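I opened the notebook to record what I looked up in this model, going from the whole chain to single residues. The sequence and the coordinates come before the entries.

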Amino acid sequence: MRGQEVQIRRWKRVEYEQLVEKGVFMPGERVELIDGLVVVAEPQSSAHFTAVRLVERALVRAFGEGWDVRAQGPIALDDTSEPEPDVAVVRGELRDYVEAHPADPVLVVEVALTSVDFDREHKSSLYARAGRPEYWIVNLVDRVLEVRREPAPSPSAPYGWDYSAVEVLRPGDSACPLAAPAAQIAVADLLP
């Protein structure tokens, strides 16, 4: 085996969905497809789960009718990625996605406790490459909200793209989603 390169098999999103439908993964197993690789998602601590629910509640209030706020649901991001962000906001209603996962969320949110570095580097690059206009990280370690906007090419990023505008908001601050400009969401309302 010395000197031999490790071979990695990258999956297409369609193949990954077939694996899911055939029950290859255990029920409740938290995996997602990131740039062709099956990645195990962050474990659900009590604080993580509470923050996911708080974000979901705040975004439902902020966006209202005509929007589907999806907690931990798959997003058909591109041909090689089907992440399951902690919360995503998409146009339409729940039944609009019976036949296929949504592909164009206007806001993607990850809650990070042990995955802060991965979410900042890999998830940020992935969502920017897909042209998602806004990506938030609810950083439970530093108790801040990282708001990322303006996807742009970035040769040093894992997937060649990243966000050129990053703003760090503290518990006394408020965030205003691009797709719901009239909404003011208190950062403290997102933190457990």
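**Basis.** I am working with a predicted model, in which local features need pLDDT of at least 70 and side-chain atom pairs count only at pLDDT 80 or more, whereas totals for chains, interfaces and linings use all residues. Residues are numbered from 1 along each chain as its sequence is written, and side-chain values use heavy atoms, with hydrogens and water left out.

**Fold.** I first listed the secondary structure, taking helices (H or I, at least four residues) and strands (E, at least two) as DSSP runs numbered from the N terminus. The protein has 3 helices and 10 strands, and along the sequence I read their order as α-β-β-α-β-β-β-α-β-β-β-β-β.

**Burial and contacts.** I call a residue buried under 20% relative accessible area, exposed over 50% and partly exposed in between (1.4 Å probe, protein chains only). On that scale, 44% of the 192 residues count as buried. With contact meaning heavy atoms within 4.5 Å, I found that residues 24 or more positions apart account for 57% of the contacts with a separation of 6 or more. The accessible surface, from the Shrake-Rupley method with a 1.4 Å probe, comes to about 10200 Å², and 52% of it belongs to carbon and sulfur atoms.

**Charge.** I counted Lys and Arg as positive and Asp and Glu as negative, leaving out His and the chain ends, and placed each charge at NZ of Lys, CZ of Arg, CG of Asp or CD of Glu. There are 21 positive and 32 negative side chains, and the centres of the two sets lie 2 Å apart.

**Salt bridges.** Side chains of opposite charge can pair when their charged atoms come close. Requiring a side-chain nitrogen of Lys or Arg within 4 Å of a carboxyl oxygen of Asp or Glu, I found 12 salt bridges in the structure.

I looked at R10 and D35, whose side chains meet in a salt bridge at 3.6 Å, N to O. R10 lies in the segment before α1 (13–21) and D35 in the loop between β1 (31–34) and β2 (37–40), so the pair ties together parts that are 25 residues apart in sequence. R10 is partly exposed at 46% relative accessible area, whereas D35 counts as buried at 16%.

I then turned to R120 and E146, which meet at 2.7 Å, N to O. R120 belongs to helix α3 (residues 116–129) and E146 to strand β7 (residues 144–153), so this pair ties together parts that are 26 residues apart in sequence. R120 is partly exposed at 30%, while E146 is buried at 4%.

For a pair within one helix I took E56 and R53, which meet at 3.3 Å, N to O; they are 3 residues apart in helix α2 (residues 46–63), separated by about one helical turn.

**V108.** What does V108 touch, leaving aside its neighbours within four places in sequence? I listed P85, V87, A88, Y127, R132, E134, Y135 and W136. V108 lies in strand β5 (residues 107–112) and is buried, with a relative accessible area of 1%.

**Backbone angles.** Most residues other than glycine have a negative phi. I noted Q72 with a positive phi of about 55°, in the loop between β3 (67–71) and β4 (87–91), and R143 with a phi near 55°, in the loop between β6 (134–139) and β7. Q72 is partly exposed at 24%, and R143 is partly exposed at 37%.

**G92.** My last entry concerns G92, in the loop between β4 and β5, which counts as buried at 15% relative accessibility. G92 touches G66, W67 and D68, not counting residues up to four places away in sequence.
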